[in-house]
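Hi,

Here is the model I promised to pass on.

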Amino acid sequence: MNKIRAWINDRLGVAELSKFGMKKDVPLHSHTIWYYTGSSILLFMGIQVVTGVMLAFYYNPTIKDANASVARIMTEIPLGWIIRSIHSWSATCMIAVVIIHLLSIAFTKAYRAPREATWMTGVLLLAASLAFGFTGYLLPWDDLSLAATKVGTDIPKSIPVVGAWVTSLLRGGEDVTGDTISRFFIVHVCVLPLAIFAILGIHLFLVQRHGMSVPLKAGRGPEKNDALPFWPNFILRESAVWLILFGVLVTAAIFLAPSLGPAANLMAPAPAGIKPEWYFLFMFQTLKLFPSRILGLNGELVAVAVMGAGFLLVLLLPLLDDRPAERKGRVIRYAVYATFLYTIALTIWSLL
Amino acid sequence: MKLKYSLFSRREFLNGLLGGGLLAFFATLMGPVVRFVFPPYKEPDEVKLPAADYSGLQPHEAKGFAWGAKPGILKKAGDGSLVAFVAVCSHLDCNVSYLPNDRKFYCACHQGWYDENGKNIAGPPPSPLRRLAVTVEGDSLVIKKQG
């Protein structure tokens with residue numbers, strides 16, 4: 001047995017990895033709870049990969065069969081309805097936890113040097129997660145998903161010079177058609193997974209390279225040097241968190257399965273009361289608020305510019321707040337609170 | 001010949017030549033890739049509809065037709081003439097509906113309103129609905145791009 005182990009180790013160098021796992025520890029302080037958010041995202045991501053592959057066994061990305069194949073999954077395939085429901089709920093949970101993860105890092109200022117690149121790859125992972133949500137929303141091909149995709153892919157059109165080009169790239173033509181379904185499908189199941197795994201690889205490498213960030217306040221307390229071994233102590237607690245989250249997920253999936261409307265009709269008017277997924281609601285409400293002309297400019301263009309600038313500010317936050325890690329940054333903290341409140345307020349408003 | 005001063009060494013120059021050459025090679029491959037991902041699109045020059053299908057329209061009533069992949073709406077105006085619109089909102093591309101009782105076009109996505117002539121009157125739409133020209137040729141209605 002030992003011989004086999006030594007043979008494998010000579011070839012793969014597993015011992016170094018397991019030594020790293022044994023040595024790694026997690027700082028223990030009043031904010032330790034936020035460290036669980038990262039691994040919770042991985043849990044939901046794993047569920048998405050498995051259920052996504054399962055759904056793709058039966059899904060047909062064509063204008064004729066897309067809706068019918070989802071209906072078949074929901075009604076004929078054994079346990080199909082719950083697999084789709086878990087995929088849909090796990091997507092929601094994943095994006096929710098990604099947002100919580102990002103907020104915890106913004107509030108504890110863990111993005112400061114030397115972790116700027118970790119933050120930026122994290123923001124890209126959020127963008128990729130939203131892109132997953134957006135492309136996945138079209139695939140069932142019902143009224144709602146058609147209208148949401150028409151709006152979403154039309155937004156770039158207001159950008160001067162390249163806008164129409166971007167819209168046509170996203171749609172695979174002038175309009176949302178069957179070509180859009182195949183395009184969204186391959187992006188959803190191939191392009192985005194490749195991208196998210198590549199970025200996630202860099203993100204996780206950077207997390208290991210720089211170690212876990214300890215918030216200022218926590219570091220100054222009496223508990224300064226406390227740490228929890230990653231294996232087995234942290235993993236044990238993490239497993240408990242995973243089991244609870246999995247339980248919540250399956251419960252939600254069973255009792256609140258997503259609906260499926262009749263197949264989308266390209267000629268039908270948009271259904272009343274369309275709303276995007278909850279994580280796009282604040283953008284949806286912002287677009288509604290902007291009048292058609294602002295200071296002689298196209299209102300839509302102004303809205304797109306404001307939201308684009310907002311994304312850039314979030315992405316480049318570590319470069320804006322580049323104070324030494326010991327100092328507090330009040331302005332940034334209030335800005336983060338203000339953005340957070342704005343997003344929550346507009347989301348609630350759009351639901352009223 | 002050996003230069004006395006140089007901005008970069010011979011090694012750096014050769015590295016740049018190789019790296020830049022590879023980069024340029026892959027960049028040229030992007031041309032066909034970009035061309036491939038944009039399918040050709042041509043808006044219909046005209047659409048012919050059987051006039052009989054639309055003969056029952058009362059003034060201020062409307063009926064849909066297909067303008068390529070977009071919906072169109074054919075409406076009988078108050079004076080009995082026929083007008084046609086591309087039934088797509090000028091705001092964010094949602095399909096609009098015609099509400100005969102209100103004599104207005106309505107976009108449900110972001111609550112945009114147009115009057116019966118397709119003029120944007122409320123909500124976010126920045127411009128009127130696109131109009132199409134309608135002519136009667138024998139027993140068919142011919143819808144064409146305007147202007």
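Predicted model: local features only at pLDDT ≥ 70, side-chain atom pairs only at ≥ 80, totals over all residues.

Residues are numbered from 1 along each chain as its sequence is written, and chains are lettered from A and ligands numbered from 1 in the order in which they are written.

On confidence: the predictor gives the complex an ipTM of 0.81 and a pTM of 0.89. Within chain B, helix α2 (residues 51–54) is lowest, at a mean of 88, and β6(B) is highest, at 94. Helices here are DSSP runs of H or I with at least four residues, strands are runs of E with at least two, and both are numbered from the N terminus.

Now the contact between the chains. It takes 30 residues from chain A and 23 residues from chain B, where two residues are in contact if their C-beta atoms, placed from the backbone, lie within 7 Å. On the chain B side, β2 (62–67) and β3 (70–76) each supply at least two residues. That side has 16 nonpolar, 5 polar and 2 charged residues (Ala, Val, Leu, Ile, Met, Phe, Trp, Tyr, Cys and Pro count as nonpolar, Asp, Glu, Lys and Arg as charged, and the others, Gly among them, as polar).

β2(B) and β3(B) also pair with each other, antiparallel over 6 bridges; strands pair if DSSP finds at least two bridges between them. B:G64 sits opposite B:I73 of β3(B). Their hairpin has 2 residues between the strands, and B:G68 takes a positive phi near 65° there.

Chain B also has an open antiparallel sheet of 4 strands, in the order β5-β6-β7-β8. Its edge strands are β5 (97–99) and β8 (120–122), each pairing on one side only. β5(B) pairs with β6(B) (residues 104–107) over 3 bridges, in the antiparallel sense, and B:Y98 stands opposite B:F105 in β6(B).

Best wishes

How values were computed: pLDDT = per-residue confidence, 0-100.
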